[in-house]
Amino acid sequence: MVWMGPSTADEVTVPDVVGLAMPRARQVAGEAGVVLAAEDPDGPPLRALTWPGEWVVTAQRPAPGTRMRRRGSVVISFREGRPAGEESPRAE
């Protein structure tokens, strides 16, 4: 479930975090004014699901370029490891 953010917040543009390593994806999302979230809102927090190890974002919703309110959530899918065919996750 995607939360679009507080009704009184200004609008921001959702960044593209697919292919980024989790630390970089969190940074990019934070700089854009949104928060990354796991698929299951009742499950463990995203940080608990992606620690320890290296994790890469494989999908996101809403799509990059979507407008939403500041502090809204971008729901991501992820996998352990690095992107296929790359030595390190996409640096952007």
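What follows is a chat about a predicted model of one protein chain.

Trainee: Before I dig in, what is this model and how are residues numbered?
Mentor: Residues are numbered from 1 along each chain as its sequence is written. This is a predicted model, where local features need pLDDT of at least 70, side-chain atom pairs count only at pLDDT 80 or more, and totals for chains, interfaces and linings use all residues, while side-chain values use heavy atoms, with hydrogens and water left out.

Trainee: What pLDDT does the chain average?
Mentor: The average is 89, and 87% of the residues score at least 70. pLDDT is the predictor's confidence in each residue, from 0 to 100. Where it is low, the predicted coordinates should not be read in detail.

Trainee: OK, what's the secondary structure?
Mentor: Two helices and five strands, in the order β-α-β-α-β-β-β along the sequence. Helices (H or I, at least four residues) and strands (E, at least two) are DSSP runs, numbered from the N terminus.

Trainee: And which strands does S5 pair with?
Mentor: S2 and S5 run parallel, joined by three bridges. S3 pairs with S5 too, in the antiparallel sense over six bridges. Two strands count as paired if DSSP finds at least two bridges between them.

Trainee: Which residues in S5 are the bridge partners of Leu36 and Val57?
Mentor: Leu36 has Val74 as its partner in S5, and Val57 has Phe78.

Trainee: Switching to H1: which of its residues are buried?
Mentor: In helix H1 (residues 22-32), they are Met22, Ala25, Val28, Ala29 and Ala32. Buried means under 20% relative accessible area, exposed over 50%, and partly exposed in between (1.4 Å probe, protein chains only).

Trainee: What's on the face turned away from that buried side?
Mentor: Pro23 and Glu31, both exposed.

Trainee: And what do the buried residues of H1 pack against?
Mentor: Strand S1 (11-13), strand S2 (35-37), H2, S3 and strand S5 (73-80). Just after H1, Gly33 takes a positive phi of about 95°.

Trainee: New topic, Gln60. Is that residue buried or exposed?
Mentor: Gln60 counts as buried because its relative accessibility is 13%. Its place is in strand S3.

Trainee: So what does the Gln60 side chain reach?
Mentor: It reaches the backbone oxygen of Pro15 at 2.9 Å. A polar atom of the Gln60 side chain also lies 3.2 Å from the backbone oxygen of Pro62. Leaving aside neighbours within four places in sequence, the residues in contact with Gln60 include Val14, Asp16, Val18 and Ile76. Contact means heavy atoms within 4.5 Å.

Trainee: Last one: where is Arg67, and how accessible is it?
Mentor: Arg67 lies in strand S4 (residues 67-69). With a relative accessible area of 43%, Arg67 is partly exposed.

Trainee: And which side chain does the Arg67 side chain make a polar contact with?
Mentor: Thr13, at 2.6 Å. A polar contact is a pair of N or O atoms within 3.5 Å; within protein, one must be able to donate a hydrogen and the other to accept it, and residues adjacent in sequence count only if both atoms are side-chain atoms. A polar atom of the Arg67 side chain also lies 3.4 Å from the backbone oxygen of Glu11. The C-alpha atoms of Arg67 and Val12 are 5.6 Å apart, though 55 residues separate them along the chain.
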